[in-house]
Amino acid sequence: MVQRPDGHRVLLAPTAAVAGFVGSTYTFDEVQLADVAVTRPDDATWAVQAGPLALSVRVGRRPALGWALRAVPAPLARHPGWVGLLDRPARCGRRSPSGSARCRRGRRWCG
């Protein structure tokens with residue numbers, strides 16, 4: 001999924017079946033079928049090509065906060081209340097944009 005600066009959301013899906021499955025949970029302004037390829041040029045890099053989208057993500061070392069949050073038990077870490085509690089403080093230390101999901105059928109949590 002790509003979200004343009006004006007908020008227009010485009011799902012890039014490899015097949016109609018994938019587009020239907022993802023679209024049954026999330027809402028999009030547009031759906032495009034496109035070849036999707038993910039490669040690993042090295043152990044720390046993921047490269048994605050999907051239609052007009054081309055991106056490369058390099059993963060760095062986990063910061064101290066990441067190690068602390070790793071100690072949270074999985075059932076609590078997945079609970080919507082816990083995620084909501086940590087969302088705002090976690091944004092303070094981020095240099096990258098954050099995204100949000102819009103769910104269908106009135107669902108507030110898409111996990």
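**Exercise 1.** Determine how many bridges join strand β2 to β3, and whether the two run parallel or antiparallel.

*Solution.* Strand β2 (residues 9–13) runs parallel to β3, and four bridges join them. Strands here are DSSP runs of E with at least two residues, helices are runs of H or I with at least four, and both are numbered from the N terminus. Two strands count as paired if DSSP finds at least two bridges between them. Within β3, Leu33 is the bridge partner of Ala13. Helix α1 (residues 16–23) packs on the sheet and touches β2 and β3, where contact means heavy atoms within 4.5 Å.

The model is predicted: local features require pLDDT of at least 70, side-chain atom pairs count only at pLDDT 80 or more, and totals for chains, interfaces and linings use all residues. Residues are numbered from 1 along each chain as its sequence is written, and side-chain values use heavy atoms, leaving out hydrogens and water.

**Exercise 2.** State the strand order of the open sheet and explain why β1 and β3 stand at its edges.

*Solution.* The open sheet has three strands in the order β1-β2-β3, with mixed pairing. Strands β1 and β3 (30–33) each have a single partner strand, so one side of each lacks a neighbour in the sheet.

How values were computed. Axes fitted to C-alpha atoms, helices over the stretch in contact; angles between N-to-C directions.
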